[in-house]
Amino acid sequence: GNEIPEIKDYIEENVKVTEKSDMFGVAEGKNVIFINAESVQGFVVGKEVNGQEITPFLNKLVEDEDTYYFDNFFEQTGQGKTSDSEFLVENSLYPLSRGAVFFTHGGNEYHALPEILKEEDYFSAVLHANNKSFWNRDGMYRSLNLDHFYSDEAYEITDENSVGWGLKDKPYFEQSIKYLQAMEQPFYTKFITLTNHFPFELDEEDKSIEPYDSNSNTLNNYFPTVRYADEAMEEFFDHLKQAGLYEDSIIIIMGDHIGISANHNRAMSMFLDKEEITPYDQVQLLKVPLFIHIPGHGKGETISTVSGQIDLKPTILSLLGIEHKNDIYFGNDLFAKNRKGYIALRNGDFVSDDYLSTAGMCYDVHTGELADVEEEATSEEEATTGTSSPCDEIAEKVELELSYSDNIIYGDLFRFVDFAEEKQVEK
Ligand code: GP9
Ligand code: MN
């Protein structure tokens, strides 16, 4: 049956923040430039390799007074990788536990950022120099109500300006500027970089730092390509300034998902100077950087509350001063005070203000020590199951949220919701 009323009730009670944040409307009417930074993980920010900074530009941004940096921000993708991260950001719904929702449910009804922003006279576009059908982007973007997709056909791609997966990030950003300049404002645009993609190939002339030296070529080569992406983003900021687009825009940079998998744990533990990578560490490595840069704002800081990709949609809407009371989503405005307090990973693991749950174990999130199992049962139900863990309460919510999100997608339930009509009724 149609579960929408039940899901809405759950969201009203357990997800939505009750008060607008202080940041509501600070970027009203501004352009939004969102950079999906391919495979950039949080562990590189502020770190060095061979005595050299890996991400000098991002490191400067951390300190920038116009930038909020979220250093406890998690990727929540599944098998759909980049496309899952896009799905999370546009919808504040979870991707699926198997397959890529962009492929399996690209024709569903959604209520995504481009659609909501269109009502506020925003023009939306994605700029990404790859084939438009990769990840079924062209199909899904239609369902998300995106106005335009500048794919590989919009770029001049040659042997000289390509490496690995295609057009290098520097010429990609450079060639993109003319499209931004010609674009109707305000706009909501997403840039998806490509050079820092597995297997992290880079031409000699583009290497500003030397590879690492470990038993993993993947990890070794990751650092020079991350640095290349860092430089490309710095150049992009300069292009935006030169084009007169910087002042009227907010720029968001987000790592889409991890670049270095658990297969490289030996090398990773060497780099991080740890004896081993524990299951707790493995989850901590799912952190990706998130920057929200608001030119002229002057109040930026580093925010360390637990957060994730599911939070971007409500955050962007809040920054732009757009109310969306009847929307159905699972994230929270990153600047709100009474947030949910946990981030669900697609496999049911989670990270909360206090705990980290993975592989059936419950850790103290701050110390990485196993959290005590309460010996004494406090209810009949617990008495029959034997033990209870301090992670149980949130684990239940996580399971419920993931299943509600899945049901919305599998049942294409937004077909039955008239978001616009409800908006009118409320007024
Ligand atoms: C392809 C790019 C990479 O267009 O977004 O996708 P990924 O392999 O990271 O999901
Ligand atoms: Mn990716």
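Here is a friendly walk through this predicted model, from its sheet to its aromatic rings. Residues are numbered from 1 along each chain as its sequence is written, and chains are lettered from A and ligands numbered from 1 in the order in which they are written. Because the model is predicted, local features need pLDDT of at least 70 and side-chain atom pairs count only at pLDDT 80 or more, while totals for chains, interfaces and linings use all residues; side-chain values use heavy atoms, leaving out hydrogens and water.

Let us begin with the sheet. Eight strands form an open sheet with mixed pairing, in the order β7-β6-β10-β1-β11-β12-β4-β13. Helices (H or I, at least four residues) and strands (E, at least two) are DSSP runs, numbered from the N terminus, and two strands pair if DSSP finds at least two bridges between them. At the edges stand β7 (148-150) and β13 (302-303); each has a single partner strand, so one side of each is left without a neighbour in the sheet. Strand β6 (residues 123-127) runs parallel to β7, and three bridges join the two. One detail to look for is V126, whose bridge partner in β7 is F149.

Now turn to the helices. Helix α2 (residues 56-63) packs on the sheet and touches β4 (67-70), β11 (249-255), β12 (290-293) and β13, where contact means heavy atoms within 4.5 Å. The direction of α2 makes about 60° with that of β12. Axes here are lines fitted to C-alpha atoms, for helices over the stretch in contact, and angles run from 0 to 180 degrees between N-to-C directions. Helix α8 (residues 217-242) lies across β1 (31-37), β10 (187-192), β11 and β12, and runs at about 165° to β1.

Next come the rings. Rings of Phe, Tyr and Trp (its six-membered ring) pair if their centres lie within 6.5 Å; planes under 30 degrees apart count as stacked, over 60 as edge-to-face and the rest as tilted. By this rule there are 32 aromatic pairs. The centres of Y150 and Y179 are 4.5 Å apart with planes at 35°, so this pair is tilted. Y150 lies in strand β7 and Y179 in helix α7 (residues 169-182), so the pair ties together parts 29 residues apart in sequence. Both Y150 and Y179 are buried (under 20% relative accessible area, with exposed over 50% and partly exposed in between, using a 1.4 Å probe and protein chains only). Y172 and F191 form an edge-to-face pair, 6.2 Å centre to centre with 65° between the planes. Both Y172 and F191 are buried too.
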